[in-house]
Amino acid sequence: MHEMALCESLRAALEDAAQAQNFSRVTRVRLAIGAFAGVESEALRFGFDVVMRGSLAEGAELVMLEESGTAWCFSCGTTVPLAGRLDPCPACGGERLVPNGGTEMKIKDLEVV
Amino acid sequence: MCVACGCGSDAVTLSGPDAAQTGEGAHTHSHDAGAHSGPHHGHAHGHSHAHDHGHDDAAQPQHSHAPGLDARRMVEIEQNILAKNDGFAAQNRARLAADGIFALNLLAGPGAGKTTLLVETLKALSGRVAAAVIEGDQQTANDAERIRAVGFPAVQINTGKGCHLDAHMVGHALERLPLPAGGILFIENVGNLVCPAAFDLGEDKRITLLSVTEGEDKPLKYPDIFQDADLVLLTKADLLPHLDVDFDTIVGNVGRINPTARVIALSSRSGVGFGKWLAWLEDARRTRLEQLARVAEERAQALRGAFHTAAE
């Protein structure tokens, strides 16, 4: 359940941004979540509603944009697109792959008042 | 609750030698807001840049907080959600580098043998290498007590409901564990094969433990915790003759998720494979210290160079 911790971190980032950017309420948060970021979208959505209650982002819409994943294939030595962590390399069928794209979770933008 | 910890509403507590006094006994330090004592490391702000894209009416006063559709605007923030943790981790890393300390983050599920590995490792290091331990658990100071029983300093972090250690908690624990240059800091994370993977603590090396009793497919089921490990220790290897698991399959599955990790099978109880682990530890420590020494020498040369240039 580290999605709760992510939401706490997100709230702190929103509070910092509110000071720096001079806004008092957040009505929409757009996140970019990589396919290999290790985040469960439903758990994040649940955590978001709980953690934002009573904050400047209470009731804000949460939009999660999925970023597709890529991985380095140790068999053919190239970066390849990869949908699932345990999928074989689409180029050579190799099984030893390490994600090198779609590993991050970022705040993209906010709609604020 | 500490804003940066973000691990639930329960207070995080530290117990162990106090920052100011290195006396004995478990001193509990409540980590509630307002209860902070001792030197507080600065709060980093992750790299972020933000710009407004105005839907703003030009006639609208700048500081208007009036709600309403017309006042809505977009603020772009390209920032990692974990930027705050990463900032604290960078501070820890800089502090450890400045002090010449080699830091390890140990990750595993509960019961894989993290504490037993540490106890046996510390016995082997005793009298030769200075070391200290940060213990992470939701409850109890049992693990820190096991470390202190073999004569090494330990701070226990109790995360309450929190499922992992974060860099902010580790920063506070560091204040209580003075180590000489060349010392080793072991950070034993909360027993959990999922969450600790996402949180950089500022460590030099990441070690994931998997006991052979846990089965062959754990690396495939929980890839994140294995993916970034520099070393994977397959513990309780003395039990292999009694189990139905295929050892080569475990090693193959680790290699599939993390092809570059070194894999060592060992038993803290029988001692099999333990020498290989101690050799890895000594080698990694030497490499780290040599790297820090090189950086220090380059800096010294740059300073001397600047002095000579100025003098000419």
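This is a predicted model: local features need pLDDT of at least 70, side-chain atom pairs count only at pLDDT 80 or more; totals for chains, interfaces and linings use all residues.

Biologist: In which sense does strand 8 of chain B pair with strand 5 and strand 6 of chain B?

Modeller: Strand 5 of chain B, residues 102-107, is joined to strand 8 of chain B by five bridges, and Leu106(B) has Glu188(B) as its bridge partner there. Strand 6 of chain B also pairs with strand 8 of chain B over five bridges, with Ala132(B) partnered by Leu185(B). For strand 5 of chain B the sense is parallel, and for strand 6 of chain B it is parallel.

Biologist: Which elements cover the buried residues of helix 4 of chain B?

Modeller: Helix 4 of chain B spans residues 167-174, and eight of its eight residues are buried. Among them are Met169(B), His172(B) and Ala173(B). The cover includes strand 1 (13-16), helix 1 (83-99), strand 6 (131-137), strand 7 (154-158) and strand 8 (184-188) of chain B.

Biologist: Are helix 1 and helix 4 of chain B roughly parallel or roughly perpendicular to each other?

Modeller: The axes of helix 1 and helix 4 of chain B are 8 Å apart and the helices pack at an angle of about 30°. Angles under 35 degrees count as roughly parallel. Helix 1 and helix 4 of chain B are therefore roughly parallel.

Biologist: Which residues of helix 4 of chain B meet helix 1 of chain B?

Modeller: Helix 1 of chain B passes helix 4 of chain B in a left-handed crossing. The contact has five nonpolar, five polar and one charged residues. From helix 1 of chain B come Asn85(B), Phe88(B), Ala89(B), Gln91(B), Asn92(B) and Arg95(B), and they meet Ala167(B), His168(B), Val170(B), Gly171(B) and Leu174(B) of helix 4 of chain B.

Biologist: Why does Ile147(B) count as buried, and what is it in contact with?

Modeller: Ile147(B) belongs to helix 3 of chain B, residues 142-149. It counts as buried because it has 25 C-beta neighbours inside 10 Å, and the cut-off is 20 or more. The C-alpha atom of Leu122(B), 25 residues away along the chain, is separated from that of Ile147(B) by 8.2 Å. Neighbours within four places in sequence aside, the contacts of Ile147(B) are Leu118(B), Val119(B), Leu122(B), Val133(B), Glu135(B), Phe152(B) and Ala154(B).

Biologist: Which strands stand at the edges of the three-stranded open sheet of chain A?

Modeller: The order in this sheet of chain A is 4-3-5, with antiparallel pairing. Strand 3 of chain A, residues 69-73, pairs with strand 4 of chain A over five bridges, and Ala71(A) has Val80(A) as its bridge partner. Each edge strand has a single partner strand, so one side of each is left without a neighbour in the sheet; the edge strands are strand 4 (78-82) and strand 5 (97-101) of chain A.

Biologist: Which element of chain A gives the most to the side that touches chain B?

Modeller: The contact takes 35 residues from chain A and 38 residues from chain B. On the side of chain A, the elements giving two or more residues are helix 1 (2-21) and strand 6 (105-112) of chain A. With 13 residues, the element that gives the most is helix 1 of chain A.

Biologist: Which strand of chain B is joined to strand 6 of chain A?

Modeller: The two strands run antiparallel and are joined by six bridges. Within this pairing, Leu110(A) stands opposite Val75(B). The strand of chain B is strand 4, residues 73-80.

Key:
Residues are numbered from 1 along each chain as its sequence is written. Chains are lettered from A and ligands numbered from 1 in the order in which they are written. A residue is buried if 20 or more other C-beta atoms lie within 10 Å of its own, exposed if 12 or fewer, and partly exposed in between; C-beta atoms are placed from the backbone. Helices (H or I, at least four residues) and strands (E, at least two) are DSSP runs, numbered from the N terminus. Two residues are in contact if their C-beta atoms, placed from the backbone, lie within 7 Å. Two strands pair if DSSP finds at least two bridges between them. Axes are lines fitted to C-alpha atoms, for helices over the stretch in contact, and angles run from 0 to 180 degrees between N-to-C directions. Angles under 35 degrees count as roughly parallel, over 145 as roughly antiparallel, 65 to 115 as roughly perpendicular and the rest as oblique. A crossing is left-handed if the near helix is turned anticlockwise from the far one by less than a right angle, and right-handed if clockwise. Ala, Val, Leu, Ile, Met, Phe, Trp, Tyr, Cys and Pro count as nonpolar, Asp, Glu, Lys and Arg as charged, and the others, Gly among them, as polar.
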